[in-house]
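I opened a new notebook page for this protein.

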Amino acid sequence: MGAETTKHSPLHIMFFPFMGHGHMIPMVDMAKLFASKGVKTTILTTPLNAPFILKTIEKSKTHSNINIQTIKFPSVEAGLPDGCENFDSIPSPELVPIFFKGAELLKEGFEQQLSLQNPDCVVSDMFFTWTTDSTAKFGIPRIVFYGFSFFSMCAYECVTLYKPYENVSSDSESFVITNLPGEIKMTRIQLVEYLNIGVWVERLIKLRESEEKSYGVVVNSFYELEKDYADYYRKVIGRRAWHIGPLSLCNNDKEEKKYRGKEASIDEHEWQKWLDTKEANSVVYVSFGSVVNFPDSHLREIALGLEASGQQFIWVVKKSKKDGEEWLPEGFEKRIEGKGLIIRGWAPQVSILEHEAIGAFMTHCGWNSTLEGVAAGVPFITWPVSAEQFYNEKLVVDVLKTGVSVGVKRWCPFAEMDDSIKWDTVEKTVRKILAKDEEAEERRKKAKEWSKLARKAVDEGGSSDLDLDAVIAELDSLRRVINIYSIK
Ligand code: UDP
């Protein structure tokens, strides 16, 4: 049974995702999920991002409960090229901080929409730290959506509070993250907090301050996956939080999955026909999310490693034919014909991961990808780059025990890349994850168990379904209090 929200007018929640696919995709899923429980939802975005969202929700049964509103993103005033409204259209890494700064210019439009739409609650992206103050002006509770795991949020907190990286004297010496359950070991150059990369650290401080002033946090995760960390976050760190994921599982329909994010660059029949000819668990799916852009030299190492492994693969590369083919070793595509499929552009990731031929996922450990892999029941090759991805790697490899690390040593901002991973490491890791030995079978078995638990969590009466009902019920009673005292 859904939470009771329709006694008077339905509860109205406004969702405000950051303009990057890794942020928009889960928040649109979330809006669909709330809408499926009878909540009126509004998704706020900028004009050039609206069509992606519209395409996704059009396929949803709940679309009549979802409304899209747009506010102007003054990209040119911010110092960005005209039409640059999404993280993946930023033409060069130097413009990344300008994009973030530009996002602050959305404040006026956001406040106008608050006044027009008058929602009962706003769920806004972690990067929109200023929405805490804006919503407070209107007496509207703000809930933060990080798009992180509980594990990463706890790890950030413990690293920030206890600075365990100060206890080592070299970059290769590992330390245990103080107080974080599970004896998690890291090295200091895997932490942006130690590397002290200016804008990132500033951003983290702001995130934390704004989270403390917000009403709570919704988490794209499920309790069974990271019990210790969900408990630590709520009971020790003391935040109000609800786990309502894996959000990707709200897309039951084939068509809904197909239009998640961007339109796929490959015809459905092509990849499906290709995978249908492969044995179960025999193909590695290689993708590094919507943002990571490896340089050509790096891509060549991946190509050589995949080829040398002799294993089958689907590899998503953010390139089109017109970018030139310097990144491809000569004659590569001819040699791998039948063994490897390259998707240039955007892949229908969730649909591909769910195909039984997929036996592993080589990922940068973005949390959406990680959780989508968990839900699909595949083991991982972990290749973190930046953000909170090194923490996610630890969760997958050391806690869930479903991954093998390629061994990236250094956290890197967008403008740089750790290019220490060479083709022979790629080869070795791919062979290891797809092996038929006991260790690989054990990882496979665990991955399938996590997948079962993920699906159970979102089923009626499962842990995520119940927490979704709980947050709706709490917001509903909160609006009554707000209305009685006319705070709004
Ligand atoms: N994604 C996709 N096709 C692609 C690349 C990415 O569907 O070709 C989706 C993926 O399923 C995930 C999101 O984009 O939902 C990427 O989010 P993640 O947190 O993994 O990484 P980010 O892109 O934010 O670094």
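**Entry 1: domains.** I looked up how the protein chain is divided, and I found domain 1 (12–250 + 460–487) and domain 2 (260–454). These bounds come from an automatic or database domain assignment. The model is predicted, so I note its limits: local features need pLDDT of at least 70, side-chain atom pairs count only at pLDDT 80 or more, and totals for chains, interfaces and linings use all residues. Residues are numbered from 1 along each chain as its sequence is written.

I checked the spacing next. The C-alpha centres of domain 1 and domain 2 lie 26 Å apart. The contact between them takes 38 residues from domain 1 and 31 residues from domain 2. Contact here means that the C-beta atoms of two residues, placed from the backbone, lie within 7 Å.

Which helices supply the side of domain 1 that touches domain 2? I found α1, α2 (50–58), α7 (150–162) and α8 (192–195), each with at least two residues. Helices (H or I, at least four residues) and strands (E, at least two) are DSSP runs, numbered from the N terminus. By class, that side of domain 1 has 22 nonpolar, 13 polar and three charged residues. For the classes, Ala, Val, Leu, Ile, Met, Phe, Trp, Tyr, Cys and Pro count as nonpolar, Asp, Glu, Lys and Arg as charged, and the others, Gly among them, as polar.

**Entry 2: the ligand.** I counted the shell. The ligand is surrounded by 19 residues, and the closest are G22, G289, S290, G366 and S369. Two or more residues of the shell come from each of α1 (21–36), α15 (349–353) and α16 (367–376). Of the elements, α16 gives the most, with four residues. I also sorted the shell by class: seven nonpolar, 10 polar and two charged residues. Domain 1 and domain 2 each give at least three residues to this shell.

**Entry 3: H21.** I found H21 in helix α1. Is H21 buried or exposed? H21 counts as buried because it has 21 C-beta neighbours inside 10 Å. The cut-offs are 20 or more other C-beta atoms within 10 Å for buried, 12 or fewer for exposed, and partly exposed in between. Leaving aside neighbours within four places in sequence, H21 is in contact with D88, G261, K262 and S290. H21 and K262 are 241 residues apart in sequence, yet 8.2 Å apart in space, C-alpha to C-alpha.

**Entry 4: strand β5.** I looked at β5 (residues 142–145). R142 and V144 point one way, I143 and F145 the other way, and all are buried. Strand β4 (residues 121–125) pairs with β5 in the parallel sense over four bridges. Two strands pair if DSSP finds at least two bridges between them. I143 is the bridge partner of V123. On β8 (residues 216–219), three bridges join a parallel run to β5. There, V144 stands opposite V217.

**Entry 5: strand β11.** In β11 (residues 312–317), six of six residues are buried. Q312, I314 and V316 cover one side, and F313, W315 and V317 the other. β11 runs parallel to β10 (residues 283–287), joined by four bridges. V283 stands opposite Q312. Five bridges join β11 to β12 (residues 340–344), also in parallel. In β12, I342 is the bridge partner of W315.

Note on methods: Near = placed C-beta within 6 Å.
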